[in-house]
Structures are given as C-alpha cells and as structure tokens.
Amino acid sequence: MLDPKFLRDELAQTAQRLAARGFELDVDKIAALEARRKELQSSTQELQNERNVRSKSIGKAKQAGEDIGPLLAEVGELGEKLDAAKSELTELLAQIEAITAGIPNLPDASVPVGKDESDNVEVSRFMEPTVLGFEAKDHVDISAGLSNGLDFETATKLTGSRFVVMHSQVANMHRALAQFMLDTHTQKHEYAEVYVPYLVNHDSLFGTGQLPKFGEDLFHTQPATEEGQGLSLIPTAEVPLTNIVRDSIIDEAQLPIKMTAHTPCFRSEAGSYGRDTRGLIRQHQFDKVELVQVVKPEDSFAALEDLTGHAEVILQALQLPYRKMILCTGDMGFGACKTYDLEVWLPAQNTYREISSCSNMLDFQARRMQARFRAKGAKKPELVHTLNGSGLAVGRTLVAILENYQQADGAVVVPEVLRTYMNGLEVIPAK
RNA sequence: GGAGAGGUGGGUGAGUGGCUGAAACCAGUUCCCUGCUAAGGAACCGUACGUUAAUUCGUACCGAGGGUUCGAAUCCCUCCCUCUCCGCCA
C-alpha cells in the first residue's frame with residue numbers, strides 16, 4: 001500500500017510513476033472520492049462531538065438530580081443524522097480502500113522503464129554457458145535415463161498435472177539442495193532458520209500483497225464467504241515469514257531481522273495454461289528456500305544487494321552458470337519497488353531461466369501489515385522496510401543440475417558441495 | 001469435540017453504564033540529586049485520521065463485527081483467539 005498522504009497530495013505524480021509499470025490510476029475518481037471523504041468525515045465528527053457533549057451534560061444533570069426530559073428530547077434526532085452520515089462514510093472508506101489496496105508499489109528511480117520481460121536489463125554474469133560436447137537432453141529425458149527419478153505419471157494418478165513424485169537419488173538430491181541452501185544461509189549469511197505454517201489466513205495474504213488482487217493464483221481450503229474466510233496454501237514462504245512482524249512494533253536494536261525457511265509453495269498457475277507444461281519448471285507444488293529481511297528504511301537498498309548476493313552464493317557454490325537481471329518497471333511484482341532476478345543456464349532450452357527473484361518492497365508491505373519499529377528516542381513508530389528473495393527455488397535448481405551436470409553416457413555428476421548431503425555419492429549412474 | 005475461564009496501551013494488570021483514552025507497576029524519554037561500577041526524586045510517556053502557529057482542538061480505537069442506550073472498555077448477540085480440565089490423535 002502506498003502512503004495515503006503521498007497519494008492524496010501527489011496524485012498526478014503517482015499516476016505518472018505507476019504508468020511506467022503499466023498501471024492506470026483513475027486520478028479523477030480518487031480525487032472525487034477523497035474530496036467527498038474529507039467533507040463527510042469532518043461533518044460526521046462534528047455530529048459525534050455534539051452527541052458526546054450533550055450526552056455528558058445529561059449525565060451531569062442526572063447526577064445533580066435535575067430533570068433530564070428536555071435534554072433527551074433535544075438529542076432525539078441527532079442519532080438518526082449521525083447514523084446516516086456514518087454509514088455513508090463507511091461505504092466511502094470501503095470504496096477508497098478497495099482502490100488503494102489494488103495499487104502496486106512505485107518503481108524505484110533506478111529501475112529501467114519497460115513493458116515486459118524483454119526489457120529487463122542484464123547486470124552481470126557468472127561463468128559461461130555450459131558446453132556439453134554432445135546434444136543436451138532436458139531434465140525429463142535425463143531422469144528417464146536414470147534407474148529411478150522424476151515420476152510425472154504417478155503424480156498425475158495421485159493428484160493431476162503439474163505435480164511430481166521423485167524417487168531415490170533424485171529425491172535425495174532434492175532434499176540435499178534444500179539442506180545445503182539452509183545451512184549456507186544460516187551459517188554463512190546469518191539468517192535465522194524458521195519453520196512456518198503452510199496454510200495462512202487472509203490477513204497474512206493481504207499483508208504481503210497477494211490479496212485482494214491475486215487470489216486466483218492461490219489454492220484455498222474453502223472459498224472466502226461473507227462471514228468466513230478459509231485458509232490458503234502459501235504461494236511462497238515470503239507470506240508467513242514476512243507476516244511474522246505484522247501488527248508489531250519492533251525494537252530498533254532487533255533490526256535487521258533476517259529469516260530463512262524451506263517450505264513447499266503452492267500456486268494455481270491460473271493463466272499459464274500451456275506454458276512450461278513439460279517437466280519441473282512450472283509446478284503447482286514446489287519447494288523453495290526463502291530469504292526475508294526486515295530492515296530500517298535507510299538500509300533497504302543495501303540489503304537488497306546483500307540478499308541477492310546471498311542467493312548468488314548458492315548458484316556459485318553449485319557452479320551453475322547464471323546471469324543477474326534487473327527487472328524493468330513493467331515486469332516487476334505487485335509490491336516490489338526494485339527486483340533482481342537470477343536466471344540459471346539451462347542447456348536443453350539453450351537459454352537462461354528464472355531461479356530466484358529478490359525484491360525490495362520498501363514500506364509497501366509494512367504499511368499493509370502495520371509492521372513498525374521505534375527508533376531510539378523517537379516519539380512515533382516508523383514503518384520498517386521488507387525484502388524477500390528466493391535462495392533458491394529448489395525444484396528449478398534440481399533441473400539446472402540435472403541439465404548442466406549431465407554426461408554423455410546419461411549419468412549425472414553430483415556437485416561437490418552436495419556430496420556430504422548424499423552419503424558421499426559422486427555420480428548418479430545411468431540405468 | 002465437551003466443560004470452564006479469559007482477551008484492556010511496548011509489557012504486567014485495575015476497571016461492570018456517564019467524572020476512563022483508560023488506575024497502578026515495569027520498560028522507555030527528559031531533568032534533578034549523588035562521585036562510582038549502584039541508588040533516589042520529578043515530569044513526560046498509546047495509535048490513527050482530521051484540524052491548528054502549536055505536543056491546539058476534535059473524532060475513533062479497550063480481540064473483531066453487530067445490537068441496546070441520550071451515553072458502552074463496562075450490558076446483549078455472533079465470530080476469532082488464548083488458557084485450564086476432559087476426550088481424541090501424528
């Protein structure tokens with residue numbers, strides 16, 4: 001959520017900056033609603049003031065033993081007027097809220113202006129694309145050449161499309177990856193390991209920005225109704241991790257808070273029919289190790305560089321070629337003001353694919369969550385800044401290893417850093 | 001799932017219809033005193049919105065949402081959550 005004051009005072013400027021990311025702000029409507037709100041709010045408050053004053057005088061008169069009959073008559077119609085004003089105001093506020101809750105974050109000035117993916121700008125590269133010396137197979141075919149591995153058929157029987165069952169050494173490697181990532185972040189990058197619920201309530205989803213606009217992308221345990229809202233499966237650990245600080249005032253000394261968690265993520269992938277239908281790239285359920293930082297406002301841009309670097313360390317340790325992209329205004333997520341994507345090289349696709357996305361949300365989520373801190377000596381609590389990034393998507397990392405470490409004979413070499421997590425295994429042999 | 005108790009400001013915790021935006025204590029801030037690794041005293045000390053020259057004034061908020069009333073933290077209803085005991089269970 002944007003700062004309502006800023007939105008009001010700098011409406012035109014806000015609209016202009018939002019236009020850069022392809023969001024059209026209805027300036028006239030907002031201005032009109034705001035004007036009416038202001039009017040109604042002050043008139044409602046006046047009415048309430050009047051009621052309070054009179055009610056008080058009734059109390060005093062009663063205590064003094066005076067006749068309160070005339071006073072009561074005077075106050076009579078006040079209630080009706082007040083009720084009318086109140087209900088109109090409530091409705092108006094709901095309208096304004098509905099609009100502001102759907103406005104994305106403002107892009108940072110350093111973000112390149114662009115329309116979509118194709119306008120993202122490469123920042124740096126690690127290693128050259130893998131040269132295999134033979135025709136690259138994709139991870140599905142590689143797995144098929146192992147004695148046991150990815151099993152999409154069984155998953156389809158159990159659940160449906162876009163799910164997977166993994167067997168033996170491939171399942172082991174998948175687990176090893178998550179372990180390795182967590183260990184690296186906790187031991188080398190000073191993140192605290194956290195275990196979180198995989199089902200969250202709507203307040204949490206609103207806090208990080210998935211709701212109200214992107215409910216379609218989630219799996220819900222029950223549809224939301226007027227009176228009750230069911231729980232939803234997390235689309236990323238960003239949701240539970242970031243919401244840990246929701247509705248709280250943090251001691252300045254506790255910042256920055258750095259947390260990491262390994263969770264499954266569930267996405268309905270609505271609107272992506274036909275894309276990446278083969279293999280592990282786009283699943284309804286996938287594992288991810290998430291990094292979240294809660295920092296002081298002045299630290300957030302440095303923290304973004306930091307956090308992105310932490311994700312890069314994993315790719316570097318696994319010796320996987322990748323490039324770092326800065327997303328253009330049109331390709332950024334709803335709550336982000338600046339985002340780096342890390343894209344890993346996939347030989348079979350002969351291209352780079354996203355494996356991590358690291359964003360500075362500024363105070364956008366913090367405002368929705370009312371996550372604040374009190375600076376030493378400061379009177380008012382101040383909104384924190386939140387950041388998150390994948391460190392990394394485990395399934396896609398598995399894909400990258402299978403494809404980049406494949407051998408001519410169909411075997412797959414185990415990256416060195418994973419071997420201690422796999423009982424010393426050096427190669428997954430072909431069948 | 002059953003029975004009971006409860007949800008109040010950063011924390012603990014008073015408060016059963018008007019004088020309570022809320023006692024007291026702790027934490028915090030500022031000042032005073034004191035020369036020693038400490039103690040004592042005083043004042044201030046919730047959030048949001050609007051308003052103002054102003055920390056001025058107004059309004060709202062005591063889990064959430066409704067209701068009763070001239071007036072609700074306080075009474076009633078619904079929901080959520082926490083605790084204790086019982087049941088069930090990985």
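Ala, Val, Leu, Ile, Met, Phe, Trp, Tyr, Cys and Pro are counted as nonpolar, Asp, Glu, Lys and Arg as charged, and the others, Gly among them, as polar. The model is predicted, with local features requiring pLDDT of at least 70 and side-chain atom pairs pLDDT 80 or more, while totals for chains, interfaces and linings use all residues. Residues are numbered from 1 along each chain as its sequence is written, chains are lettered from A and ligands numbered from 1 in the order in which they are written, and side-chain values use heavy atoms, without hydrogens and water.

A polar side-chain atom of R8 is placed 2.2 Å from a phosphate oxygen of RNA strand B, and a side-chain N or O atom of N52 is 3.3 Å from a phosphate oxygen. For Q45, a side-chain N or O atom lies 3.0 Å from a base nitrogen. Two or more residues of this surface come from each of α1 (4-9), α3 (27-63), α4 (69-75) and β13 (371-374) (DSSP runs numbered from the N terminus: helices, H or I, at least four residues; strands, E, at least two). The largest contribution, 13 residues, is from α3. By class, the surface comprises four nonpolar, eight polar and eleven charged residues.

The lining of the second largest pocket comprises seven nonpolar residues, one polar and five charged. α5 (78-100) supplies at least two lining residues, as do α1 and α3.

Conventions: Polar contact = N/O pair within 3.5 Å; in protein donor to acceptor, adjacent residues only side chain to side chain.
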